[in-house]
Amino acid sequence: MKLYDVYPLFDIAIEKGKGCKVWDDQGQEYLDLYGGHAVISIGHCHPHYVEMMTNQLNTLGFYSNSVQNPLQRKLAERLGKISGYEDYSLFLVNSGAEANENAMKLASFYNGRTRILSLEKAFHGRTSLAVEVTNNPKIIAPINANGHVTYLPLNNLEAWKPELEKGDVCACIVECIQGVGGIRMVDKAFLQGLRALCDQYNTVLICDEIQCGYGRSGKFFAHQHLDVKPDLITVAKGIGNGFPMSGLLISPKFEAVYGQLGTTFGGNHLACTAALAVIDVMEQENLVDNAREVGDYLIKRLKEENLPHVVDVRGRGLMVGIELDVSYKEIRTRLVKEQHCFTGCSGTNVIRLLPPLCLSKENVDDFIERFKKVL
Ligand SMILES: Cc1ncc(COP(=O)(O)O)c(C=O)c1O
């Protein structure tokens, strides 16, 4: 059998990782400013993570959601504390799309409505509702185009207001820093205005923190820079440092109903152990503060260098977009091939940096030197 060919791939096989570095099967070292698409939060192969996962595997890998799982309770407690959402509840699933899918289902169970408002350039995943609220017609199959969604412009509350005033909107879904959309940031006035309108019209506010959350922005959640509390918060990527898992933080205004949501794999023993190890390391190594400090340094250095082709540098913490006046393609490829440095991209001309949250200032200096050579 051959692989179903949907990914354009670099001709590189990554075999090993440590911290912010990875190595290919030829032994070549790379600086990782991409974190496997924002997934590696505490660094590759962190010894505490490896030890906890190994112990758990030697004890129990999986049992179903039909019995007590104390690891889930422990995770909910720890996540509540570290995120500042101790009064919310946690529902665990397996991927970002699945978390968003469940968030929108919960919103619809709550107010009985079916319309969703989403941002232009939004990306929320590839399952049926998640892809429908994703503003990319190329990945919405005819079976997913069910007319639930209106896309509206970023930071333009006047465009959102008349839609909410109709009183039929189930939920608004927002990434406070758009990732795939090119590191575009929601502003405070917009999100606070949206919160007030959602309260007024009994609409559920969902913040998708799958890429911008879990410490990446320099606060635990990106929306916490904007002083707003969403009703539902979705998390994935960095939560398990590579172990596939995701979750939904649910405000106390929702009442759980037996059987309404469910999953076979979600919140299994290995997944919870991965998430607990991540929180341990985030706390022990102050990774949220590190993301803020090193992120500020990265943005400052990128701006100060007056680099050729760079027309804008934006972002928060370790979620940074470098907008170029040319396509990112050659630059990103040469960064990998010649400078051995992984970065991400968005649209046609934005280099997107999503490194592990343990990135150091030395790593930043190293990246700037490599980037300069390519430019
Ligand atoms: C903001 C956001 N939401 C949702 C998703 C979907 O996550 P997953 O690929 O785990 O389904 C992504 C993935 O890139 C994302 O960046």
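# Close-up views of a predicted model

View 1. Pro70, Arg73, Glu77 and Lys81 of helix 3 are exposed. The model is a predicted one, in which local features need pLDDT of at least 70, side-chain atom pairs count only at pLDDT 80 or more, and totals for chains, interfaces and linings use all residues. Residues are numbered from 1 along each chain as its sequence is written. Helices (H or I, at least four residues) and strands (E, at least two) are DSSP runs, numbered from the N terminus. Helix 3 covers residues 70-83, which makes 14 residues, and the distance from its first C-alpha to its last is 20 Å, close to the 20 Å expected at 1.5 Å a residue. The expected span is 1.5 Å times one less than the number of residues in the helix. The buried residues of helix 3 are Gln72, Leu75, Ala76, Leu79 and Ser83. They lie on the same side of helix 3 because they cover an arc of only 100 degrees around the axis. The arc is that of the directions from the helix axis to the C-beta atoms. An α-helix has 3.6 residues a turn, so residues three or four places apart point the same way. The cover over the buried residues of helix 3 includes strand 4 (89-93) and helix 8. Gly84, which follows helix 3, has a positive phi near 85 degrees.

View 2. In helix 11 (residues 361-374), Asn363, Val364, Phe367 and Phe371 are buried. These residues line one face of the helix, because they fall within an arc of 100 degrees when seen down the axis of helix 11. Glu362, Glu369, Lys372 and Lys373 are exposed on the other side of helix 11. Strand 3, helix 9, helix 10 (328-337) and strand 15 are among the elements that cover the buried residues of helix 11.

**View 3. Strand 3 and its two partners.** Strand 2 (residues 21-24) and strand 3 (residues 29-32) run antiparallel and are joined by three bridges. Two strands pair if DSSP finds at least two bridges between them. Val22 has Tyr30 of strand 3 as its bridge partner. The two strands form a hairpin with four residues between them, and Gly27 in the turn has a positive phi of about 90 degrees. Strand 3 also runs parallel to strand 15 (residues 341-342), with two bridges joining them. Here Asp32 stands opposite Phe342 of strand 15.

**View 4. The largest nonpolar core.** How many residues does the largest nonpolar core have? The core has 113 residues, and Cys172, Ile206 and Leu232 have the most contacts inside it. Helix 8 (residues 269-284) gives the most to this core, with ten residues. At least three core residues come from each of domain 1 and domain 2. A nonpolar core is a set of buried Ala, Val, Leu, Ile, Met, Phe, Trp, Tyr and Cys residues joined through C-beta atoms within 7 Å. Leaving out residues up to four places away in sequence, Leu232 touches Ala103, Leu106, Ala107, Val204, Ile206, Leu248, Leu249, Ile250 and Ser251. Two residues are in contact if their C-beta atoms, placed from the backbone, lie within 7 Å.

View 5. The domain assignment of the chain gives domain 1 (14-42 + 286-374) and domain 2 (48-284). Such bounds come from an automatic or database domain assignment. The domain centres, taken over C-alpha atoms, are separated by 25 Å. In domain 1, 24 residues are in contact with 26 residues of domain 2. Helix 9 (287-304) is one of the elements that give two or more residues to the side of domain 1 that touches domain 2. Helix 9 supplies the largest share of that side, five residues.

View 6. Lys121 sits in the loop between strand 5 (115-119) and helix 5 (128-132), and its phi is near 70 degrees. Lys121 counts as buried because it has 20 C-beta neighbours inside 10 Å. Asp227 is in the loop between strand 10 (204-208) and strand 11 (232-235), and its phi is near 55 degrees. Asp227 counts as exposed because it has 10 C-beta neighbours inside 10 Å. Asn55 belongs to helix 2 (residues 47-59). Asn55 and Thr273 are 9.5 Å apart in space, C-alpha to C-alpha, and 218 residues apart in sequence.

Definitions and conventions: A residue is buried if 20 or more other C-beta atoms lie within 10 Å of its own, exposed if 12 or fewer, and partly exposed in between; C-beta atoms are placed from the backbone.
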